[in-house]
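The entries follow the order in which I looked things up.

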Amino acid sequence: MTKWVYNFGGGSAEGDTTMKNLLGGKGANLAEMASLGLPVPPGFTMTAEVCTSYYDNGEKYPDDLDPQTEDGLAQIEKLTGKKFGDSKNPLLVSVRSGARASMPGMMDTVLNLGLNDETVAGLAELSGDKRFALDSYRRFITMYSDVVLGVHHHTFEDILERHKDDQGYMLDTEMQAGDWTEVIEGFKEAIKRALGRDFPQDPRKQLQGAIDAVFGSWMNNRAVVYRRLNDIPAAWGTAVNVQAMVFGNMGETSATGVAFTRDPSTGENAYYGEFLINAQGEDVVAGIRTPQTLTKKARVDMGEDAPSMEEALPEVYSELAATFEKLEGHYRDMQDIEFTVEEGKLWMLQTRTGKRTARAALKIAVDMAETGQITKEEALMRVDPLSLDQLLHPTLDPNAPRDVVAMGLPASPGAAIGEVVFNSDEAEELKKEGRKVILVRVETSPEDIHGMHAAEAIVTARGGMTSHAAVVARGMGTPCVSGAGDIRIDYDAQQFSVAGRIIKKGDIVTVDGATGQVFAGEVDMIQPELSGDFSKVMTWADETRTLGIRTNAETPIDVQTARDFGAEGIGLCRTEHMFFEADRLAHFREMILATDKDGRTDALAKILPVQREDFAAIFRIMGDLPCTIRLLDPPLHEFLPHAEVDIQSVADTLGLPAKELMARARELSESNPMLGHRGCRLGISYPEIYEMQARAIFEAQKLVSEESGVTPVAEIMIPLVSSAKELEILKSVIDGVAKDVGALEYIIGTMIELPRAALRAGDIAEHAEFFSFGTNDLTQTTFGLSRDDAGKFLPDYVRAGIMEKDPFVTLDQDGVGDLIQIAVERGKAKKTNIKLGICGEHGGDPASITFCYNAGLDYVSCSPYRVPIAKLAAAQALISSKIV
């Protein structure tokens with residue numbers, strides 16, 4: 001019989017932290033904490049296999065699940081001394097999701113389950129506090145109705161707010177037992193109106209409904225979007241945790257909170273978090289009440305008056321601090337913890353590896369490595385390569401003028417500029433149009449995940465440092481200001497106001513998530529300074545990796561940027577980009593329009609000096625590092641105008657009749673230019689083009705060598721080869737120029753970007769000293785897809801499970817990857833010392849870099865700002881290969 005349910009609590013557990021795939025992160029860590037002897041309310045975990053079975057079998061549960069669930073419930077009853085559904089001594093439970101990967105706020109939770117009109121009286125009698133019991137009941141009705149019954153929580157918030165207004169109350173804590181009785185009756189009437197039936201009173205039916213809802217939430221829209229954004233497979237499923245309730249809303253000696261053992265924004269080794277007295281967990285993360293700080297130092301630093309937990313509940317705080325140390329020491333990583341204090345007793349509800357910003361990840365990894373808690377290799381594995389992108393871009397200039405319009409909490413660092421929007425759907429649509437937006441909300445909910453991902457930054461009027469907006473934004477690396485309490489948002493008018501000042505939809509603002517400030521208009525930016533922890537991690541990565549990292553660049557600015565980031569050469573210099581410069585485009589068009597070789601040669605002679613200086617500028621920056629220069633690749637018609645107005649303008653510049661120019665453009669046009677007269681095919685038809693480019697390279701080489709005494713290393717790459725004969729002919733042309741010029745150090749190779757080239761790599765290797773895999777075109781030609789058009793339907797393929805990811809973002813290892821491996825094997829079989837690299841966009845994608853390392857490539861090449869990402873990913877690829 002399959003075991004579907006695992007118990008924990010009472011100092012022991014049937015699972016542990018190694019069982020995360022089965023029990024989910026929450027369930028595995030609850031079991032681990034119980035085994036460590038920490039105070040964990042007893043409960044049981046229904047495994048993720050229940051979820052996958054449920055969806056695989058038409059949303060039906062395994063036949064033998066119910067008896068195991070009953071046994072789990074009986075175990076909780078035994079450990080707590082309470083009885084589920086008993087009117088005198090009721091056991092109440094929470095029902096929470098728990099996937100193996102943390103998905104904060106994306107799935108559903110139900111608290112206080114088991115309350116009804118009878119058990120609430122028993123809870124009041126047991127606790128001696130009728131107000132507390134009724135407060136718990138109204139919370140349960142609200143949450144259960146929203147999550148399970150589909151009655152939106154705003155329905156209940158409106159009823160509550162009207163009652164508070166009628167009574168002159170500001171806070172929920174002012175409500176008395178009689179108030180809650182009246183509000184609860186209003187809740188029930190609203191449910192009856194909405195559904196045509198009463199709120200369910202049977203605790204077992206309540207439990208089944210909650211379990212159904214939590215498993216069901218695995219496939220809700222926000223969870224699906226979050227999984228897509230974070231590469232979490234739907235096949236993993238989620239576990240469900242049923243756990244005895246403990247109550248933070250039992251008065252002034254009770255509390256609830258969320259904490260991190262280190263600061264998740266900066267990485268500082270200091271406790272970070274918030275708590276609320278007389279509250280339940282959703283109050284902290286939902287931002288309904290403004291939380292208080294954990295430590296006195298944090299309170300003072302933030303200028304707050306409300307006492308910290310360290311001051312208000314000193315004994316419990318001391319126990320909590322000791323628990324922080326124990327958990328971080330045990331897991332050897334920063335922990336994100338949820339806790340409740342029930343009448344002075346501490347209970348641990350969750351621990352998990354805490355989400356953090358890139359800056360914090362670097363600091364925590366370096367600090368832990370330098371104190372011996374983890375190894376340098378473990379430190380490298382703790383940093384997400386893609387997260388480094390947060391650190392590589394400009395920040396606000398401290399000396400720039402600023403017009404502050406709002407202040408809040410610095411919930412997620414970073415700076416961003418964009419136009420204000422108030423709706424997540426609109427944020428997503430504007431992002432698709434290429435516009436930068438700042439999402440402004442009273443508070444965010446999991447339903448806003450798509451808008452949060454689309455936004456450059458997020459601003460909320462409510463919520464603390466551990467609110468939904470803050471946690472999700474930090475995980476995404478998106479700047480966030482939360483709890484900007486002075487702003488008043490009017491969704492209907494599409495504007496917010498602060499002290500009489502109005503900011504409307506579409507107005508430009510700047511957000512600084514590091515200071516919690518929002519500014520009107522654009523604030524000047526400065527380039528980042530990368531040193532300290534970043535430099536240490538890069539040094540450790542360089543000491544670890546064996547895969548070379550080059551860059552795709554052709555302008556001096558990009559080349560210098562890449563060199564500053566530690567690029568070890570140029571893997572792709574696209575020479576066609578140079579021809580679009582105004583000072584040479586006219587000459588290039590003259591070459592295209594020439595009717596014979598002499599005319600083309602005369603025009604190319606005018607381009608030679610500027611092309612030579614282009615290459616010299618690159619060689620001066622790169623010194624003796626290898627520079628792979630791809631000869632002209634795109635079809636010639638791309639350099640000619642097509643609109644009638646542009647044709648006339650160009651014709652006037654060249655002194656030609658417009659009709660002649662138009663006729664030549666028509667003559668060169670192609671039905672499918674990607675597969676047309678381009679790349680080496682141009683070199684075969686017009687060898688004088690490649691001759692000019694080769695001469696410019698070799699003359700630039702000699703010029704820089706004479707200037708500096710350093711010999712530049714030129715790697716000349718011939719594109720779009722599909723047969724060995726093409727390469728043989730063009731190699732002979734280039735070698736002839738080299739002999740004529742007296743070239744210095746150079747090698748000739750080709751770009752493998754067609755399936756036939758991969759399959760005939762052995763033949764091609766006879767004439768090539770290197771292969772560079774052009775995975776952009778290789779992906780297009782392998783799939784028969786146009787990269788420019790596929791974006792219209794590829795998301796449908798990913799959603800349908802036909803493709804796991806967009807193959808233009810992450811390399812298709814099964815098809816394109818097979819072709820690369822075939823080319824590697826056949827190329828090396830012919831020429832053992834052939835140099836192998838990749839220069840497509842995949843060269844900056846961590847998953848693709850891992851493939852390249854495993855395939856035996858010598859280097860990857862990526863855009864300049866991806867160089868640090870690639871270096872770390874290459875180190876991780878090597879480390880992972882040793883772990884396996």
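Entry 1. I began with Arg-441, which is buried at a relative accessible area of 17%, where buried means under 20% relative accessible area, exposed over 50% and partly exposed in between, with a 1.4 Å probe and protein chains only. The model is predicted, so I kept in mind that local features need pLDDT of at least 70 and side-chain atom pairs pLDDT 80 or more, while totals for chains, interfaces and linings use all residues. Residues are numbered from 1 along each chain as its sequence is written, and side-chain values use heavy atoms, with hydrogens and water left out.

Entry 2. I placed Arg-441 in strand β18; helices (H or I, at least four residues) and strands (E, at least two) are DSSP runs numbered from the N terminus. Leaving aside neighbours within four places in sequence, I found Arg-441 in contact (heavy atoms within 4.5 Å) with Phe-422, Asn-423, Asp-448, Val-459, Thr-460, Ala-461, Ile-489 and Tyr-491.

Entry 3. I turned to helix α16, residues 424-432, in which Ser-424, Ala-427 and Leu-430 are buried. Seen down the axis of α16, these buried residues fall within an arc of 125°, so they line one face of the helix; the arc is that of the directions from the helix axis to the C-beta atoms. Their cover includes β17 (415-421), β18 (437-441) and α17 (449-454). At the N-terminal end, Asn-423 caps α16 through a side-chain oxygen 2.8 Å from the backbone nitrogen of Asp-425. Gly-434, with a positive phi near 85°, follows α16.

Entry 4. I then listed cavities, taking each as a set of points on a 1 Å grid over the protein atoms alone where a 1.4 Å probe fits but cannot get out, with lining residues having an atom within 4 Å of a point. The structure holds two of 30 Å³ or more.

Technical notes: Polar contact = N/O pair within 3.5 Å; in protein donor to acceptor, adjacent residues only side chain to side chain. 1 Å grid on protein atoms, 1.4 Å probe; cavity = no way out; pocket = protein on both sides within 12 Å on 5 of 7 lines; lining within 4 Å. Points joined across faces, edges and corners; volume = space filled by probe spheres on them.
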